Amino acid sequence: MIDLAVHIIVYGHVQGVFFRASAQTQASELGITGWVRNLQDGTVEVYAEGNQNALDRFIEWCRKGPPSAKVSRCDLDWIAPKAISNFKIL
């Protein structure tokens, strides 16, 4: 059962550094569903749902990103889950 969902905006040098593909891999490993996409302003938007422990670990990963990313900050907004069945790159 899905417990929680979080909407994340990731700021910094986060496009063109495999952030989305790495996020999808990380989400898969943690059993998280949702999606990730690049926004026109250079940020990355993430919607993730899963249990508290998995989401906490995923958020920590988002604060660093893949090796070539330079994350400056993450804005988090806890929201109601939508029961998404997988994790997609949009």
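This is a working chat about a predicted model of one protein chain.

User: Before we get into details, what order do the elements of the chain run in from the N terminus?

Analyst: Keeping in mind that the model is predicted, the chain has two helices and five strands, and from the N terminus on they run β-α-β-β-α-β-β.

User: And how does the radius of gyration of the chain sit against that of a compact globule?

Analyst: A compact globule with 90 residues would have a radius of gyration near 12 Å, and the chain has 12 Å, which agrees. Taken along the principal axes, the C-alpha atoms fill a box of roughly 35 × 20 × 20 Å.

User: What share of the residues counts as buried?

Analyst: Of the 90 residues of the chain, 41% count as buried. As for the surface, the chain exposes about 5000 Å², and carbon and sulfur atoms supply 50% of that area.

User: How much of the contact set joins residues at least 24 apart?

Analyst: If we take the contacts between residues at least 6 apart in sequence, 78% of them join residues at least 24 apart.

User: OK, on to the strands. How many residues of β3 are buried?

Analyst: Seven of the seven residues of strand β3, which covers residues 44-50, are buried, so this strand is largely enclosed by the rest of the structure.

User: Which residues of β3 point which way?

Analyst: Val 44, Val 46, Ala 48 and Gly 50 point one way from β3, while Glu 45, Tyr 47 and Glu 49 point the other way, and all of them are buried. In a regular strand, side chains alternate between the two faces of the sheet.

User: Which way does β1 run relative to β3, parallel or antiparallel?

Analyst: Strand β1, residues 4-13, runs antiparallel to β3, and seven bridges join the two; within this pairing, Leu 4 stands opposite Gly 50 in β3.

User: How many bridges join β2 to β3?

Analyst: Six bridges join strand β2, residues 33-38, to β3, and these two strands run antiparallel, with Thr 33 standing opposite Glu 49 in β3. β2 and β3 form a hairpin with five residues between them, and in the turn Gly 42 has a positive phi of about 95 degrees.

User: Switching to charges, how many salt bridges are there in the whole structure?

Analyst: A search of the whole structure finds three salt bridges. Side chains of opposite charge can pair when their charged atoms come close.

User: Now the rings. How many aromatic pairs does the search find?

Analyst: The search of the whole structure finds four aromatic pairs. Among them, Phe 19 and Trp 61 form a tilted pair, 5.1 Å centre to centre, with 55 degrees between the planes. That pair links distant parts of the chain, since Phe 19 lies in helix α1 (residues 19-30) and Trp 61 in helix α2 (residues 52-62), 42 residues apart. Phe 19 is buried, with a relative accessible area of 1%, and Trp 61 is buried at 15%.

User: Why is the pair of Phe 58 and Trp 61 called stacked?

Analyst: The ring centres of Phe 58 and Trp 61 are 6.2 Å apart and their planes lie at 20 degrees, so the pair is stacked; the cut-off for stacked is planes under 30 degrees apart. Both residues lie in helix α2, three residues apart, about one turn of the helix, and Phe 58 counts as buried, at 0% relative accessibility.

User: Which residues make up the aromatic cluster?

Analyst: Phe 19, Phe 58, Trp 61 and Phe 87 form one aromatic cluster.

Terms used: Residues numbered from 1 in each chain as written. Predicted model: local features only at pLDDT ≥ 70, side-chain atom pairs only at ≥ 80, totals over all residues. Heavy atoms only, no water. Buried < 20%, exposed > 50% of the residue type's maximum accessible area, 1.4 Å probe, protein only. Helix = DSSP H or I, 4+ residues; strand = E, 2+ residues; numbered from the N terminus. Pairing = 2+ DSSP bridges. Salt bridge = Lys/Arg side-chain N within 4 Å of Asp/Glu carboxyl O. Rg over C-alpha atoms; globule rule 2.2 N^0.38 Å. Contact = heavy atoms within 4.5 Å. Areas by Shrake-Rupley, 256 points an atom, 1.4 Å probe, with all protein chains shown as cover. Phe/Tyr/Trp six-rings, centres within 6.5 Å; stacked < 30°, edge-to-face > 60°.
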